[in-house]
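The following exercises are to be worked through with the sequence and the 3D structure at hand. Each task is followed by a solution in steps.

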Amino acid sequence: MSSIETTRLGSNGPVVGVQGLGCMGMSEFYGPTDTEEALAVLGRALELGVTLFDTADIYGSGANEELIGPFVRAHRDQVVLATKFAIERRADDPSYRGVNNDPAYIRQAVDASLRRLGVDEIDLYYMHRRDPAVPLAESVGAMAELVAAGKVKHLGLSEVTGPELREAYAVHPIAALQSEWSLFARGVERSAVPAAAELGVALVPYSPLGRGFLTGAFADAGQLGADDFRRYLPQFTGANAQGNAELVEPIRKIAADRGVTAAQVALAWVQQRAEVHGLTVVPIPGTRKRTRLEENAAATALKLSAAELAELEPIAGRVRGDRYADMSNTSDAREV
């Protein structure tokens, strides 16, 4: 296939392919990884016009940044590198997740990411999660200092509400908001999407394929490996999974009628949110296989009809279970 089209992240952000690549699964969370194939995915993505590569310091406790670092350096003029800070882990407790938005921590985190990646500057630096105990202006102010110091080009936020996005933007322009957005997760539309459209902030949907559930790759997380974190997500287990699996049927039907895959239908739906809401949308589906990457990229050329969109519209409202077992660090928990 030919290269995908390009768009700009935010009013003054970088130009990227209309679909990015989430690199998280190459290092952790979704079971064993074939490192050689994962690295081949990076190269093939660039050939297809995918230029936004998304990682975070938490993925593999830094291992993911180290994994993609050599690729980023080898293609520095083409790659738009996004990474994140804020989620802390503990070596003695693999399940621990803390959130740190302290300015001193932010300065330490960016230096650690720069070292692991082996670069001088990060193109897009996200606050991965919001800690309401730390004034947002202080955290974004510290991030703005990183821009002034030449360590970061553009700022991003993840899992924030519309009011929080406006508050942050008043301190420093925000290029992108990364939040979960899919046929199964539309909470971001409550306040964040309208605010982003108003401010000229791009939306970067993570898990646009519902962590694989929307593709039909699995119907219950019990089918997955013991080290797959999806086994602990309420939507994919027990009675929730049984009910939610039925919701995938309209996606499969449209895919069969159009001669495409369920994944492509799900991605096309996310991409068309740009027209519905009047803002830039650059989803970042993750994959560790070139065949899936090519399938995902081809979805950028798929346009669903009004009738098909209407058929898909009710799905999110019928989803059973929360996105995470603990929703306290999500924007949903802070919506008024």
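**Exercise 1.** Is Val201 buried or exposed, and what is its relative accessible area? Describe its surroundings as well.

*Solution.* The model is a predicted one, in which local features need pLDDT of at least 70 and side-chain atom pairs count only at pLDDT 80 or more, while totals for chains, interfaces and linings use all residues. Residues are numbered from 1 along each chain as its sequence is written, and side-chain values use heavy atoms, with hydrogens and water left out.

Step 1. A residue is called buried under 20% relative accessible area, exposed over 50%, and partly exposed in between (1.4 Å probe, protein chains only). Val201 has a relative accessible area of 2%, and therefore it is buried.

Step 2. Val201 belongs to the loop between H6 and E11. Helices (H or I, at least four residues) and strands (E, at least two) are DSSP runs, numbered from the N terminus.

Step 3. Contact means heavy atoms within 4.5 Å. Apart from its neighbours within four places in sequence, Val201 is in contact with several residues, including Gly10, Leu165, Tyr169, Ile174 and Leu279.

Step 4. Asp227 is 26 residues from Val201 along the chain, and their C-alpha atoms are separated by 36 Å.

**Exercise 2.** How many residues lie between E6 and E7 in their hairpin?

*Solution.* Step 1. Strand E6 (residues 87–90) and strand E7 (residues 93–99) run antiparallel and are joined by 3 bridges.

Step 1. The hairpin formed by E6 and E7 has 2 residues between the strands.

**Exercise 3.** Describe the packing of H1 with H2, and then that of H4 with H5.

*Solution.* Step 1. Two packed helices are described by the angle between their axes and the distance between the axes. Axes are lines fitted to C-alpha atoms, for helices over the stretch in contact, and angles run from 0 to 180 degrees between N-to-C directions.

Step 1. Helix H1 (residues 35–47) packs against helix H2 (residues 63–74) at an angle of about 40°, and the axes are 11 Å apart. That makes H1 oblique to H2. Angles under 35 degrees count as roughly parallel, over 145 as roughly antiparallel, 65 to 115 as roughly perpendicular and the rest as oblique.

Step 2. In the contact, Thr35, Leu39, Leu42, Gly43 and Leu46 of H1 meet Leu67, Ile68 and Phe71 of H2. These residues divide into 6 nonpolar, 2 polar and no charged. Here Ala, Val, Leu, Ile, Met, Phe, Trp, Tyr, Cys and Pro count as nonpolar, Asp, Glu, Lys and Arg as charged, and the others, Gly among them, as polar.

Step 3. For helix H4 (residues 136–148) and helix H5 (residues 162–169), the axes come within 9 Å and cross at roughly 50°. That makes H4 oblique to H5. Leu136, Ala137 and Val140 in H4 meet Glu164, Glu167 and Ala168 in H5. The residues of this contact comprise 4 nonpolar, no polar and 2 charged.

**Exercise 4.** How many residues of helix H9 are buried, and what covers them?

*Solution.* Step 1. Helix H9 (residues 262–271) is mostly covered, with 10 of its 10 residues buried.

Step 1. The cover includes E11, helix H8 (249–258), helix H10 (273–277), helix H11 (290–298) and helix H12 (306–312).

Step 2. Asn296 is located in helix H11. It is in contact with Ala263 and Leu267, among others, leaving aside its neighbours within four places in sequence. Asn296 counts as buried, at 4% relative accessibility.

Key:
Pairing = 2+ DSSP bridges.
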